[in-house]
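Here is a report on aromatic rings and their partners. Please keep the sequence and the 3D view at hand.

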Amino acid sequence: MSTTATEQVNPNHYNPQEIEPVQQAKWAADKRFEVSNDLTKDVKTRYMLSMFPYPSGKLHMGHVRNYTISDVLSRYYRLKGDKVLQPMGWDAFGMPAENAAIANQVAPAKWTFSNIDNMRNQLKTLGLSIDWSREFATCEPEYYRWEQWFFLQLYKKGLVYKKLAAVNWDPVDNTVLANEQVIDGRGWRSGAPVEKRDIPMYYFKITDYADELLDDLDQLEGQWPSDVITMQRNWIGRSQGMEVHFPYKNSDDISTLDVFTTRPDTLMGVTYVAVAAEHRLAKLAAEQNPKIAEFCELCKKGSVAEADLAKAEKIGMDTGLTVTHPLTGEEVPVWVANYVLMSYGSGAVMAVPAHDERDYEFASKYNLPIKTVIETPEDHEGAYIERGKLVNSDEFDGLDFDSSFEAILAKLEPQQLASRKIQFRLRDWGVSRQRYWGCPIPMINCEYCGNVPVDEADLPIKLPLDVVPDGRGNPLKNIPEFVNTTCPRCGGSAERETDTFDTFMESSWYYARFVSPNDNNQMIDKTAADTWLPVDQYIGGVEHAVMHLLYARFYHKLMRDEGLVSGDEPFKNLLTQGMVLAGTLYRDNEDGSKTYYFAEDVDVSYDDRGQPIEAILKSDGKPVTIGKIEKMSKSKNNGVDPQATIDQYGADTVRLYTLFAAPADQTLEWSDDSLKGPYNFLKKVWREAVSHLELLQEQGITVKDLPAISIIDNNELDSLAKNLRRKTHEVIAKIDNDLGDRLSLNTPVSSLMELANELGAFTSNNKQINAATLAVQHEALIALLIMLSVYAPHISEHILDQLGIDTTELSYPQVDKSALVQDTITMVIQVNGKVRGKMEVAPNSNPDELKAQAKAVESVTKYLTGEIKKEIVVPNKLVNIVVVG
């Protein structure tokens, strides 16, 4: 090895700031991670994907952890010989950009693309093995034109429709608010009381796929986290129940109030029915009673979110109308209530106060009858919601749930007063958003022709970019050159749709576009899709368990039915990484709020166990409260700037730490002090490489002169060399199992540290320096570096380059089973279950010989003063001697 190489790998000059940019430049220059779609069928492909980021402008530690996970797996599978696709793009449309644009008085496009440039550079400093040739942003017309095209195909199929929908409306800003923008019933920006308003919106018929979306979750068992599958099952919410019809007289005709219930066994306990303010019975009552009309208007104010309604006070008003109970023939009062939404089911519910908590609360408040119809424990208070035998139910008394269901249905169905029904909690997907920064919906509104799809030849319908929104309504409405157009059907004057798509649209199919991102002729190249899809490993936060993942699954089925992709599911395996947490530091303010401080602005003292005990603000020398560990966030000032950490320790250390400190699917408690461990480990690896190079130089041996490890007789090696070889191949096997089979990303780092320690012990204690022992050391070092390269690629490849290894052709090391054979093993000796000694023996020794040898060990004999009742041998592990007296 040359002297120059030794100088480049200097123990006093492990400087990641020097070597990391050099390695990144090499990877970029030789396009190391770009992968072609032109692959033969015998090539093993693997698609690794982390959920693409919103371009906020700066990476946070959650990003670092997420993308490091996918990168470690990508690099591992490349070593295993797979062709790996790991792309990157930007989820670029949405409210945050529009809000930032409002705050900074800048066009969202300019803000977004500037942020993308910053974040791309940050991602590259992490050393991610990304195919940047496939990069795109969802706000680019080249991307969203195909979203518009696909919408038109679904519209032709009847899978898209338009209807009025209740939304949160800010009357001051004249805009629709998302549920999370409604704070205590007021608009987040204007502070105005929010109203419910019906506006026309486009919907996808996701309910047409409800059964398939639910049933296909069975395919994902064991491959997706069970909690994610459960959340999706609950969200889809298939309920088997009964639709019950309560007749009432409408003018001269008999109409019915239709309700769906999963508890028809409680039908005899109905004491009132409740309807939404928009229900036809509420409207009928409002026409006759101004107070009811006023109350209905009140119900139209406030959030339309299900969660907000659950927390809100339940209020209602008797309409004075009644419906007929289908079993008893009694008249049941109709109430209008704020907790019933017209958009859910039929906009009406049957109320059974004795057996439903919400109904019980409402009935108690308004002094309505409460009738028990399910056998209830005597000491029970409130609503009894469990199933049981029916009571006070006439001919159905004594029946259980299943029997009563069938008996009630048998009685009512012939009268057309009930029918068996399956209902889903899932609702059709409203994809219209009354916002500027999104993909334009390719529809035209004609006074004569109605809603007309644009001609496909006119796609993409481009979003004007030189727009600075002010937060008061959708600015697209005020751009004549965008709005004014011609109807494709009649040729008359018409207006372009100014709503934009829900941003979940873009994130529901981006994974598929990555297989052919530069194809200008079709949405997805089917051959490329068959090459790469489904995604082999998808990685992202559990907060996306329902909406994003559900919509992506739905979109995949839509694309499958359009002939664009194959298979039923988009993501074969799913890993939901844990959040990154950090400590908080704050002071309580007089108004009850808290002021949070950055860690760098506070001096923290620690006890002997490393626990913080005191915190002093540097600026005033006064104490601050040491708060609990919480998710990193801007509001708590407990975030850690990844770039600052990389500048200090290097990307390799940060990558190692984010995966070593906790299992990938569990939360990671960040500690700046703990970064020193991985950093020192990398310095140790650096030193071992230097020691090896120096030994080679001292012996006048080059790497090419070393004998092939395959021709060295393992039996001729001393114990030190045998131990190092055994440890090397144990670690090779273990990491292969951890990453390839168990998806355990933290334990391999421990194994690598163990191997480095064994290598260090060999270097320090080896007295027989010759070609054979140097070959053993070389084998261990090369294996260590190749396996480490998936976690810390910069230092690993830098050293491998110095050792003359072609880093463009690295392969995962092969296990040499002969190296795993042990001459001796250590067996534990127990007396009455307590460890009293150890002994070195040959593997698979004769049990009788082991018993005799164990009793002769000096540290054991003093405990054998009584009668030996039993001697137990666990092969190759322990000998337990049972003594009494």
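The report covers ring pairs, a ring cluster and charges over rings.

## Ring pairs across the chain

This is a predicted model. It holds 37 aromatic pairs. Tyr 14 and Trp 686 form one of them, and this pair is tilted. The centres are 5.3 Å apart, with 45° between the planes. The pair links distant parts of the chain, 672 residues apart. Tyr 14 lies in the loop between helix 1 (3-8) and helix 2 (16-29). Trp 686 belongs to helix 21 (residues 676-698). Both Tyr 14 and Trp 686 are buried.

Phe 151 and Tyr 202 also pair, with ring centres 5.8 Å apart. Their planes meet at 85°, so the pair is edge-to-face; the cut-off for that class is over 60 degrees. This pair too links distant parts of the chain. Phe 151 sits in helix 6 (residues 141-157), Tyr 202 in strand 7 (residues 195-204), 51 residues apart. Phe 151 has 0% relative accessibility and therefore counts as buried. Tyr 202 is buried as well, with a relative accessible area of 1%.

## The ring cluster

Phe 151 and Tyr 202 are members of a cluster linked by ring pairs.

## Charges over rings

Which ring lies under the charged end of Arg 75? The ring is that of Trp 27, and the charged end sits 4.8 Å from its centre.

A lysine is placed over a tryptophan too: Lys 124 lies over the face of Trp 132. The distance to the ring centre is 5.3 Å.

Technical notes: Residues are numbered from 1 along each chain as its sequence is written. This is a predicted model: local features need pLDDT of at least 70, side-chain atom pairs count only at pLDDT 80 or more; totals for chains, interfaces and linings use all residues. Side-chain values use heavy atoms; hydrogens and water are left out. Rings of Phe, Tyr and Trp (its six-membered ring) pair if their centres lie within 6.5 Å; planes under 30 degrees apart count as stacked, over 60 as edge-to-face and the rest as tilted. Helices (H or I, at least four residues) and strands (E, at least two) are DSSP runs, numbered from the N terminus. Buried means under 20% relative accessible area, exposed over 50%, partly exposed in between (1.4 Å probe, protein chains only). A charge sits over a ring if NZ of Lys or CZ of Arg is within 6 Å of the ring centre and within 35 degrees of the ring normal.
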